[in-house]
Amino acid sequence: MSSLRELQAGFRAALLADDERGVAPDVVDDGLSASARLAVYRHHVFTTLTAALEATYPVVCRLVDRRFFGWVADQYVRVRPPAGPCLFEYGADFPEFVAAFPACAHLPWLADVARLEWAMNAALHAPDAPALEPEALRALDPPALARLTLRLDPSVTLLASRWPVDAIWRAIQAGADGVVDLEQGQARLEVRRLGDDVIYRALPAATFAFRAALAARRTLEDAVEQALDADPAFGLAGEIRALLDERVLVRPE
Amino acid sequence: MHPAGCGIGLRAPHVTEVLERRPAVAWLEVHAENYMGGGPARRALERLRADYPVSVHGVGLSLGSAEGPAAHLERLARLVERLEPALVSEHLSWSVTGGTYLNHLLPLPYTEEALEVLCAHVTRAQERLGRRLLVENPSGYLRFRHSPIPEPEFLSALARRTGCGLLCDINNVYVTCANLGGDAAAWLDALDPSAVGEIHLAGHAVNDVDGEDAARRTILIDDHGSPVADAVWRLFEGALGRFGTIPTLIEWDTDVPPLEVLLAEAAKAQRRLDTGSDVVAA
């Protein structure tokens, strides 16, 4: 007879690795085999986790078709099962898994489309945070401002790709023609929640560099340096005003 | 506390409609883990709790894990502090082992060892939440060879030792007894009625399996994807006599129907609750 800890470890191996040796001897085998009974649980785990991944990655699912997606998801669940029960948090490293998945190697842009979908999912569920009011910055002198670490809304992700992932995302939506020119080049996107909606939009290179540095919790001085590297014509005052107007900044914790 | 009425499990496809229509339903139950982020889901629930009693039903605590419910209890506690629900419930099951969450309410051997684990975790949860927890019987698809304590006795002992309440899912009782051999009415008779604080009702699927035994060629799956079965309604009517008229919930999770269908199912349960209270009053 196994201890509870051993029994649960054996159950895990039966569900995720099809290895029933650890738990089957402890299961009553009457009419239905232990294996058939364990299969009921395994089926539920895989169908619900696949459904969760489909809900988070609907565009990837449509791009590769549902059966193929189900197969990728099955492989993913086996090696990267959830660490916690909130399913909207499951699948954060699915894009990396897709990037390394040999059967997806002919779709080099697929992992970046998945990154866009993860950013959209994260935006939808991000905590609510009150926007920073302009008065808070007006009180600071220039040296204090330079050392400041501005905080972006927790729903914001700055996403860069060498592929036009936004065009790919749009092309697969209902009513779109499904045609994308992959040669149109890279995307620099800001994904965020606005009200109840998740939106994304393309940013100019310097604005993207500036906001990405802020998202990485760099100081304002560092962020400006990054932005000037991208475009020497970068104008800080206008960019700060845009951040405040768009309510992208939130009050420090 | 809820009035003794029938509530519905609030699912994502119905949230907007419930917000707009505010249907006459006694209360709403939500799955805790769907509301642990921010955004529109959370805001909708904050609005609804102003108009309806809310019950928080957790699926993630893994009360039966040998390794314990870990960090998730903190998140549940924060949600409960913010929502101030009328009821908080969880399951007699486990999901976490080796740091992995297996996304299912997995079965326990009903042993003294498991009972001690459950008691410790329920006590810890009730202390952190500062309130009584209701613990629900799961649907069973297998039995362990060494599982000497019958399920209703196990639950009643858990309630006695920890002071927790019980959530009696009558569809789960029916499914478990059909799958594992057992009499559902006798199962309900063996449950300590004083501990039962909530009832769940739902539909189940009947699936064919390749069994060696002709009598066991079907297995019932607790998929919450259809109306409550007639046999389950009869068990519910019998249970009301024992448990009294207590908060009852209709759950529907797969092939979620129009809200109207769910409300009609809740009205069927409400009629039985009303009849039950007449009987008690007489």
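Predicted model: local features only at pLDDT ≥ 70, side-chain atom pairs only at ≥ 80, totals over all residues.
## Ground rules

A residue counts as buried if 20 or more other C-beta atoms lie within 10 Å of its own, exposed if 12 or fewer, and partly exposed in between, with C-beta atoms placed from the backbone.

Residues are numbered from 1 along each chain as its sequence is written, and chains are lettered from A and ligands numbered from 1 in the order in which they are written.

## Two positive phi values

B:Glu84 has a phi near 45 degrees, a positive value in a residue other than glycine. Its place is the loop between α3 and β4 (87-91) of chain B; here helices (H or I, at least four residues) and strands (E, at least two) are DSSP runs, numbered from the N terminus.

Chain A has a case to look at too: A:Asp65 is not a glycine, yet its phi is positive, about 80 degrees. A:Asp65 sits in the loop between α3 and α4 (66-79) of chain A. This residue is exposed, with 9 other C-beta atoms within 10 Å.

## Helix α3 of chain B

Back to the helix that B:Glu84 follows. Helix α3 (residues 72-83) of chain B has 12 residues, so at 1.5 Å a residue it should span 16 Å, and its end C-alpha atoms, 17 Å apart, agree with that. The expected span is 1.5 Å times one less than the number of residues.

On α3(B), B:His72, B:Leu73, B:Leu76 and B:Leu79 are buried. They cover an arc of only 125 degrees around the axis, so they end up on the same side of α3(B); the arc is that of the directions from the helix axis to the C-beta atoms. Over on the other side of α3(B), B:Glu74, B:Arg78 and B:Glu81 are exposed. The cover for the buried residues includes β3 (54-57) and α4 of chain B, where contact requires C-beta atoms, placed from the backbone, within 7 Å.

## The largest nonpolar core

A nonpolar core is a set of buried Ala, Val, Leu, Ile, Met, Phe, Trp, Tyr and Cys residues joined through C-beta atoms within 7 Å. The largest one holds 152 residues, and those touching the most other members are A:Val60, A:Val113, B:Val135, B:Leu166, B:Ile170, B:Leu201 and B:Ile250. Helix α6 (residues 110-125) of chain A gives this core its largest share, 10 residues.

Take B:Leu166: leaving out residues up to four places away in sequence, its partners include B:Leu134, B:Val135, B:Leu155 and B:Ala159.

## Domains of chain A

Chain A is split into domain 1 (1-107) and domain 2 (108-253), with bounds from an automatic or database domain assignment. Taken over C-alpha atoms, their centres are 34 Å apart. In the contact between them, 14 residues of domain 1 of chain A meet 13 residues of domain 2 of chain A.

## Where the chains meet

The contact between the chains takes 40 residues from chain B and 38 residues from chain A. On the chain B side, β5 (94-97), β6 (100-106), α4 (112-129) and β11 (218-221) each supply at least two residues, and β6(B) has the largest share, six residues.

Conventions:
Contact = placed C-beta atoms within 7 Å.
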